[in-house]
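Please look at the sequence and the model first, and then I will go through a few places in the fold.

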Amino acid sequence: MIIFTSVCANYLHKARCLAQSVKQHMPYARFFVCLTEREVPACAPCAEFDAIVLSKDMWEGNFDRFIYKHAIVEASTAVKGQFFRYLMATYPSETEFIYLDPDCYVYADMPELRETLKVRPIVLCPHLLQPGNIDMELSSTAHGVYNLGFLAVNHSEEAVRFINWWAERLSLFCYDDILHGIFTDQKWIDLAPCFFDTEILKHHGYDFATWSLLNCGLTKQAGAYYVQGEPLRFIHFSGYGSVIEKCMKDWLPQGEEPFHELYAAYRAVHERNDADHVSKTPWSYSCYSSGETINDQLRQKYRTNYDVMFAMEDPFALSNREMTTMLKQSAPKSPRADGLIMRGIKVLRHDGWEAFCTKVKSHFHQT
């Protein structure tokens, strides 16, 4: 079994927490970190990390051209599909591949998941398993029914087919753009049960999270934790800090609650793993090669202007002024380019990202 997470350097402390919990409760699993930075920081290695792989080193095609169009919030999710592909190709004898967000923490082994992966190719967890919290129900319709802080696949043909589809979509559209129906990597997965043989894991002990707190039924018995009578497997501490603390105040009853104890213990681990202040590390892709900070509005314009995108090998070699000039000189061709992208999916699937780029450049040079 391989378990991995995807981070930029400022979340390495969270990845350390997760890896430590994995090695404590699932020592048979190998733990990998996909790191979206130019280089591996000196402080990055951790005893519980079996490997750190830079996104650029596992990417198929021009990574600089790809990553320039993403802000940091989008970056670590945009590479997840391709990292699944990398792991499945690099470790063909492995049969189980699990993604966990870095702010997850494992409390027990996951026998239900392992048994499910023997017979089902793809396993998803919904955000919600019971009605009643209308705020979270509305949030799920906007951000995605399934939480992509967790995703598990086996090494079947169906799983490979699914990962290839998802990775292709993330190569093209992995943005925080809810108004246009996209929320990073997550919203795409609403379609997965329609297209693929997918298991929806309705076990309350998996992916227990901030959005699960209202009427959660979390109990402690003989030192073990249960959710609605089912053993707790892992918690997703999404919104760690002020967001989760507000939800605890609003949704948990007064008095002693097991989640308060779990949160306090996680906070101690979290702070210990950030003793070197790695959380303050600036993102290396936030600036040009010169050191000038990239204007995020330019990233958003760049992602819709395919003439500019495919006209250069390394957008980081420019400056904000130069990028602005290029974007002004080349009017976006969004409608035509969008159609080209859809037609290019077949090329992308069979020949890779570079072949797709060549097709787009050729198209524009002819028109």
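**A walk through the chain**

Let me begin with contacts, where contact means heavy atoms within 4.5 Å: among contacts in the chain between residues at least 6 apart in sequence, 74% join residues at least 24 apart. Please keep in mind that this is a predicted model, in which local features need pLDDT of at least 70 and side-chain atom pairs count only at pLDDT 80 or more, while totals for chains, interfaces and linings use all residues. Residues are numbered from 1 along each chain as its sequence is written, and side-chain values use heavy atoms, with hydrogens and water left out.

The secondary structure comes to 16 helices and 15 strands, where helices (H or I, at least four residues) and strands (E, at least two) are DSSP runs numbered from the N terminus. Of the 367 residues, 53% count as buried, and here buried means under 20% relative accessible area, exposed over 50%, and partly exposed in between, with a 1.4 Å probe and protein chains only.

Now, where does Tyr105 lie, and is Tyr105 buried or exposed? Tyr105 belongs to strand 5, residues 104-106, and it counts as buried because its relative accessible area is 13%. Although Tyr105 and His236 are 131 residues apart along the chain, their C-alpha atoms are separated by 6.5 Å. Leaving aside residues up to four places away in sequence, Tyr105 touches several others, among them Cys17, Leu18, Phe237 and Tyr266.

Thr210 sits in the loop between strand 11 (208-209) and strand 12 (218-221), and it counts as buried because its relative accessibility is 5%. A polar atom of the Thr210 side chain lies 2.4 Å from the backbone oxygen of Ser238.

Finally, please turn to helix 5 (residues 80-90) and helix 8 (residues 157-172), which pack at an angle of about 140° with their axes 7 Å apart; axes are lines fitted to C-alpha atoms, for helices over the stretch in contact, and angles run from 0 to 180 degrees between N-to-C directions. Residues including Phe84 and Met88 in helix 5 meet residues including Ile163 and Trp166 in helix 8.

Key
A polar contact is a pair of N or O atoms within 3.5 Å; within protein, one must be able to donate a hydrogen and the other to accept it, and residues adjacent in sequence count only if both atoms are side-chain atoms.
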